[in-house]
Amino acid sequence: GGDVLYFPILLGAITLSYNVPGLDKLRLSPDTIAKIFQRDIKKWNDKAIAADNPGAKLPDADIVVVHRSDGSGTTDNFTKYLVDAAGASWKLKSGSTVEWPADTQAGNGNAGVAQVIKSTKGAIGYVDLSDAKASGLVYAQVKNKAGKLVEPTSASASAAGDGIDIKDNLLFGAVNPKGDAAYPITYQSWVIVYAKQGDKDKGAALKGYLKFLVGDGQKLLKDLDFAPLPKGLADRAMKQLDKIGQK
C-alpha cells in the first residue's frame, strides 16, 4: 500500500466518573488519581482526597475502581496521562492494557465501564465524555499542568489541542498539555489512509470524505460531546489532502 497519511479528526475528554451519593462536586490532582487507581487510596475520606476537596463532606466509604476489561485507546491515553502527570506516584506503567490490582472491577468498552459505575456505589472509573453524559454520570474536575481545576467539556478538550506539539506528519499526543483552560486527560483520533490510491474514483471520494471531516464536519462535534480540532491543526490537515494521489 505504500506510505500512509494521518488525518486528525477530533479530540475528546476522558472523564473520571464516579458514583458517591451526596458528593456532587469532586476535584482531583494527578497524584491522588494515581493512588486511587493503583489502590494506594481505598476510602473516599482519605486525607489526599480531602486535601483536594477542602470543605467537602467525604463519606467513610470504600472506593471501587472500575477499568476497561478490553484493550483500548482510552486505557492507553489515561495511563499515559498518569505516567506524564503523576510521575513516580504512578507505578502501573501505560498501555492499552495494564495489570490492574485484583480488587478492581472491569467493564467492556466505555459503555460497560459507565454501566458498572452507575450501578455501584463508591465506584470511580475513566469513561469518555460522550458515554459519561449518555449514562447520566457525574465526573470530577481535574488539576491540569498549569495548576488549574478544569471540567471535561468539548471546549476544554479543544483547549488541550492549543497546547500540543504537532509533528510534520500530524501525529501528536494531547494528554497533559499546556494551557490554563486545557483539560489534561484528552485523547485524539485520526483517519489513516494510503497516500497513493489505486482507484481514481475511490480516491476522489475518499478525499471528499476527509475534506468534510476536517472541514464542515468539525461543526457537528460539540453536539456529539467531542471536540473540534484547533484551527491551525485543521488547516494543516486540509492542506495535506493535496498529498493524496494515484499509484
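The legends below describe close-up views of a predicted model.

View A. The buried residues are S154, S156, A157, S158, A159, A160 and G161, and what covers them includes β1 (4-19), α5 (129-134), β8 (149-150) and β9.

**View B. The start of α6.** Where α6 begins, a side-chain oxygen of T153 comes to within 3.3 Å of the backbone nitrogen of A155. S154, which is part of α6, is among the buried residues of the helix.

**View C. P184 in the loop between α6 and β9.** P184 belongs to the loop that runs between α6 (154-161) and β9 (186-194). Its relative accessible area is 1%, and because buried means under 20%, P184 counts as buried. Leaving aside residues up to four places away in sequence, P184 touches Y81, then V142, K143 and N144, and also A174, V175, N176 and P177. K118, by contrast, lies 66 residues from P184 in sequence and 24 Å from P184 in space, taken from C-alpha to C-alpha.

**View D. A nonpolar surface patch that includes I192.** On the surface, V4, I192 and Y194 form a nonpolar patch, and together these residues have about 280 Å² of accessible area. I192 is located in strand β9, a strand that is also among the elements covering the buried residues of α6. With a relative accessible area of 52%, I192 is classed as exposed, because that term applies to values over 50%.

How values were computed. Residues are numbered from 1 along each chain as its sequence is written. This is a predicted model: local features need pLDDT of at least 70, side-chain atom pairs count only at pLDDT 80 or more; totals for chains, interfaces and linings use all residues. Side-chain values use heavy atoms; hydrogens and water are left out. Helices (H or I, at least four residues) and strands (E, at least two) are DSSP runs, numbered from the N terminus. Buried means under 20% relative accessible area, exposed over 50%, partly exposed in between (1.4 Å probe, protein chains only). Contact means heavy atoms within 4.5 Å. Patches are made of residues with over 30% relative accessible area and no salt bridge: like charges are joined within 9 Å, nonpolar side chains (Val, Leu, Ile, Met, Phe, Trp, Tyr) within 5 Å. Accessible areas come from the Shrake-Rupley method with a 1.4 Å probe; for residues, only the protein chains shown count as cover. A salt bridge is a side-chain nitrogen of Lys or Arg within 4 Å of a carboxyl oxygen of Asp or Glu. A polar contact is a pair of N or O atoms within 3.5 Å; within protein, one must be able to donate a hydrogen and the other to accept it, and residues adjacent in sequence count only if both atoms are side-chain atoms.
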